[in-house]
Amino acid sequence: MKKITLTILLLANIACFGQQLEFEEVSLPVEGTNILQHLGYSSASFGDIDNDGDQDLIMTGVKPDLSLVTKLYKNDGTGTFTEMENPAVQKNNIEVISFVDIDNDNDLDLFMSGTSDLKFYRNNGSGIYSLDSNSQFNGVIANQGSLDFADIDNDGDQDLFICGANNEATESIAILYENDGTGNFTKIQNTPFTPVSVSSVDFSDVDNDGDQDLMITGFDDLYNRISNLYLNDGTGNFSENENNDFLKIAFGEVVFVDIDNDNDEDLIQTGSAYGMDISTIYINDGLGNFTELENKPFIGMYNSTTTYADIDNDGNKDLLFMGHFGNLTPITKLYRNISQGLDTDEFSVSNKFEVYPNPANNTIAIKSSEEITNLSIFDITGKTIYNQKENIPNTIDISKFSSGTYFVKLDYLNSSEIKQLIIE
């Protein structure tokens with residue numbers, strides 16, 4: 001067995017690793033440019049379109065004068081953007097945008113959906129796009145809808161989910177397509193998804209079981225707002241999960257992102273809930289159980305879109321919100337994530353209790369020289385992922401925890417101590 005050194009954090013220093021997520025708003029326009037315009041009925045996506053190692057940006061929407069905008073911007077690597085000319089990319093109302101390498105040629109292609117046919121643009125490898133006029137999605141309309149790509153069946157290619165309404169808004173759709181690996185798609189029959197419009201969707205492995213789950217929000221055909229999470233069994237078969245209490249929204253967007261760098265996907269939600277407009281974050285415990293974050297600095301908005309990227313290369317995901325607030329006032333907000341992680345210099349050695357084995361992968365055992373009044377396990381950001389106050393067990397099942405660094409905290413009658421735990 002590999003020899004390890006266990007470490008502890010003194011109670012007086014406990015605050016150093018329980019830090020809150022922290023964001024600061026970036027003044028717009030971005031320094032050196034005038035690009036990030038206030039847009040409503042909007043969509044945006046980050047992606048390294050020219051393979052130079054930084055995140056570029058496409059934005060589309062409606063300006064305050066009701067003119068349509070679709071703009072592509074190149075990032076210089078520091079978070080400063082310059083507009084790129086790309087006349088092939090058309091302007092259209094209420095677009096949904098997604099970058100994805102659909103044909104496995106190692107560059108990011110572009111999908112756009114709105115009040116006309118779904119459009120597929122191929123990338124030439126340097127960020128120049130051309131419309132694929134022979135796309136099989138010609139005639140597929142997902143008005144007021146959403147789309148997202150993921151490898152739902154673990155076969156190495158990007159499959160597609162589309163939802164929205166026809167142009168007459170008389171019927172909604174929810175369609176899952178399987179990719180054959182070359183960009184040709186087949187519609188999957190008999191899926192459990194609720195057809196929705198004024199919608200948003202996003203794939204993510206929310207429960208860390210190695211497959212892509214799916215979140216859907218919007219209006220069903222009876223104009224009920226929904227926020228449904230569907231879990232994947234690993235082969236592309238989905239079932240609805242009802243263990244979480246998400247706000248039911250429409251006119252908004254849901255986006256999964258590991259906002260706190262703890263190796264699981266959290267959820268950002270914007271849009272119109274019953275009686276209020278929201279912009280909120282739900283923190284994932286690593287098993288697909290979500291808790292709404294308190295004290296968020298974001299402005300509630302609707303007709304909204306949300307995207308993220310590490311625009312300043314500091315290891316944190318920054319957030320871009322666009323939409324309406326109040327009486328249809330367009331707004332764009334860019335927030336830098338300035339959260340700080342754990343300061344490991346605050347540790348010192350103690351022998352008051354033992355955690356073994358360490359590193360571990362299935363179970364751990366706790367051995368203490370004093371009576372324990374409470375046992376907690378934290379991730380590296382200070383988030384509590386396990387807590388037991390009564391009938392504290394001698395062994396704990398950690399088989400569903402993600403690999404990484406954790407901290408085991410034991411409370412005694414008059415003191416507390418913490419030790420580091422490595423999960424492989």
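**Figure 1. A loop asparagine, and a strand asparagine, with positive phi.** Asn 154 sits in the loop between strand E11 (143-150) and strand E12 (159-165); strands (E, at least two residues) are DSSP runs, numbered from the N terminus. Its phi is near 55 degrees, a positive value in a residue other than glycine. With a relative accessible area of 47%, Asn 154 is partly exposed, a label for values between buried (under 20%) and exposed (over 50%), using a 1.4 Å probe and protein chains only. Asn 303 also has a positive phi, near 50 degrees, but this residue belongs to strand E23 (residues 302-309) and is buried at 11%. As a rule, most residues other than glycine have a negative phi.

A word on the model: it is predicted, so local features need pLDDT of at least 70 and side-chain atom pairs count only at pLDDT 80 or more, while totals for chains, interfaces and linings use all residues. Residues are numbered from 1 along each chain as its sequence is written, and side-chain values use heavy atoms, with hydrogens and water left out.

Figure 2. The bond from Tyr 356 to Pro 357 is cis, with omega near -5 degrees. The bond from Asn 358 to Pro 359 is cis too, with omega near 10 degrees.

**Figure 3. The largest nonpolar core.** Here are 17 residues, and those with the most contacts inside the core are Ile 364, Ile 366, Ile 377, Val 408 and Leu 421. E32 gives the largest share, three residues. Ile 366 touches, among others, Val 355, Ile 372, Leu 375, Ile 396, Val 408 and Leu 410, not counting residues up to four places away in sequence; touching, or contact, means heavy atoms within 4.5 Å.

**Figure 4. Asp 411 in strand E32.** Asp 411 is buried, with a relative accessible area of 12%. Its side chain makes a polar contact of 2.7 Å with that of Lys 409. (A polar contact pairs N or O atoms within 3.5 Å; within protein, one must be able to donate a hydrogen and the other to accept it, and residues adjacent in sequence count only if both atoms are side-chain atoms.) Thr 373 is 38 residues away in sequence, yet 5.5 Å away in space, C-alpha to C-alpha. Beyond neighbours within four places in sequence, Asp 411 is in contact with Glu 371, Ile 372, Thr 373, Asn 374 and Ser 416.

**Figure 5. Asn 337 in strand E25 (residues 329-337).** Asn 337 counts as buried because its relative accessibility is 0%. A polar atom of its side chain lies 3.2 Å from the backbone oxygen of Lys 317. Leaving out residues up to four places away in sequence, Asn 337 touches Glu 22, Phe 23, Ile 259, Asp 314, Asn 316, Lys 317 and Asp 318.

Note on methods: Core = buried A, V, L, I, M, F, W, Y, C linked by side-chain atoms within 4.5 Å. Helix = DSSP H or I, 4+ residues; strand = E, 2+ residues; numbered from the N terminus.
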